[in-house]
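Trainee: Could you walk me through this model with a few questions and answers? I would like to look at it piece by piece.

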Amino acid sequence: FNLFFHLLNISKKPDVVICSSLSILSIINGLILKLLYNTKVVFEVRDIWPLSLTAEGNFSKFNPFVIFLSIIEKIGYKYSDMIVGTMPGLKLHVDRIIKNKKFFISPLGIDFNPFELSQGKKNDIFTVGYFGSTSTTNALTQFIETISLAEKNRIEMNFLIVGSGDNLLKYKKILEHNNNVIFLEKVQHAEVFELMNSCELLFLSTHKSEIWDYGQSMNKVVDYMATGIPIVAIYSGLESMINEANCGEFIKHCSTKELLNVFIKYKNLSQNERKLIGINGKKWIHENRQYFNLSNEYLQELKKL
């Protein structure tokens, strides 16, 4: 409501209104502005609502709030002039709701040159790093179990977990007697890439979920690839980026022992072999995800409206 009354005071008619969802409700104001100013409206989808609630939050599709959001989603898709998605397969979802809508993919990118990143000092022992939230949605339980298994089997391997979240204290408690893991909760943003570059392998994980059938658009993947470090991702959805760049691998959901064996496989590579894998990601990001180029492509699509 505050946004709506603020928008009523804009002094010049906009050519295009872009409603970007983290909150799907932003499209309501966009469509009102479309009526008031006879302007074009773009519905930019970065998270699929209410699918995120039903697929990840275990809400029933008959929940009144989910039904309400479903109606908003359908109205937004129907009456917007273009739908923009950050996920490579989002059009499959859109087509199930509204057919033949003008659609454009504008993926996440970077606004710096990854080749200018400072290189962190490598550890003496092979280190696997995770950077991001430790909340339930990031599916780190198996990673925590793998850390325990590595120490139990006396595998010479360290782990670095950087980030905070709902499960941080629980994970610290589980691993309180482990000597092969370091938790860093609060880190300056400028230090993150240096810490990433101190690792030999970077890790991320997701739950099995319908939401990933349409692909991922995680900032974490972009940042990981920009470091030039190989990446292992537990992910069962539509694959993109890591596989296209050949800078690591997606693995389907597996046992803890199998995940540890994947880490050991990268540990047994020479430092030069790992470097060659990681540099593939850095080159791919540089060539395909510079925001200067992505924004120009976006602008050209807007001009066609």
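Trainee: Which residues touch the most other members of the largest nonpolar core?

Mentor: First, a word on the ground rules: this is a predicted model, where local features need pLDDT of at least 70, side-chain atom pairs count only at pLDDT 80 or more, and totals for chains, interfaces and linings use all residues. Residues are numbered from 1 along each chain as its sequence is written, and side-chain values use heavy atoms, with hydrogens and water left out. A nonpolar core is a set of buried Ala, Val, Leu, Ile, Met, Phe, Trp, Tyr and Cys residues joined through side-chain atoms within 4.5 Å, and buried means under 20% relative accessible area, exposed over 50%, partly exposed in between (1.4 Å probe, protein chains only). Of the 83 residues in the largest such core, those that touch the most other members are V128, F131, F143, F159, F203, M225 and F263.

Trainee: Which helix gives the largest share of this core?

Mentor: Helices here are DSSP runs (H or I, at least four residues), as are strands (E, at least two), all numbered from the N terminus. The largest share of this core amounts to 6 residues, and it comes from residues 256-267, helix α11.

Trainee: What is F203 in contact with, leaving aside its neighbours within four places in sequence?

Mentor: Contact means heavy atoms within 4.5 Å. On that basis F203 is in contact with V128, G129, Y130, L140, F143, Y224, V232, I234, L259 and F263.

Trainee: In what order do the strands of the open sheet come?

Mentor: Two strands pair if DSSP finds at least two bridges between them. The pairing in this sheet is parallel, and its 6 strands form the order β7-β6-β5-β8-β9-β10.

Trainee: Why is one side of β7 and of β10 left without a neighbour in the sheet?

Mentor: β10 (248-251) is joined to strand β9 (residues 231-234) by 4 bridges, with V232 having E249 as its bridge partner. β7 (181-184) and β10 stand at the edges, so each has a single partner strand.

Trainee: Which residues make up the uncovered face of β7?

Mentor: In a regular strand the side chains alternate between the two faces of the sheet. In β7 the covered face holds V181 and F183, and the uncovered one I182 and L184.

Trainee: Which residues of α9 are buried?

Mentor: Helix α9 is largely enclosed by the rest of the structure, because 7 of its 9 residues are buried. What covers them includes β5, α8 (189-196), β8, β9, α10 and α12. The buried residues are K220, V221, V222, Y224, M225, A226 and T227.

Trainee: At what angle do α9 and α12 pack?

Mentor: Two packed helices are described by the angle between their axes and the distance between the axes. Axes are lines fitted to C-alpha atoms, for helices over the stretch in contact, and angles run from 0 to 180 degrees between N-to-C directions. V222, M225, A226 and T227 in α9 meet G281, K282, W284 and I285 in α12. With their axes 6 Å apart, α9 (residues 219-227) and α12 (residues 271-288) pack at about 115°.

Trainee: What is the omega of the cis peptide bond that joins W49 and P50?

Mentor: Most residues other than glycine have a negative phi, and most peptide bonds are trans. P50 is found in the loop between β2 (40-45) and α3 (51-55). The bond from W49 to P50 is cis, with omega about 5°.

Trainee: What is the phi of A139, which is not a glycine?

Mentor: A139 has its place in the loop between β5 and α6 (141-152). A relative accessible area of 13% makes A139 buried. Its phi is positive, about 50°.

Trainee: And what is the phi of N246, also not a glycine?

Mentor: N246 lies in the loop between α10 (242-245) and β10. Its phi is positive, about 55°.

Trainee: What does M82 touch, not counting residues up to four places away in sequence?

Mentor: M82 has its place in strand β3 (residues 82-85). At 0% relative accessibility, M82 counts as buried. The residues that M82 touches are V41, V42, F43, K102, F104, E301, L302 and L305.
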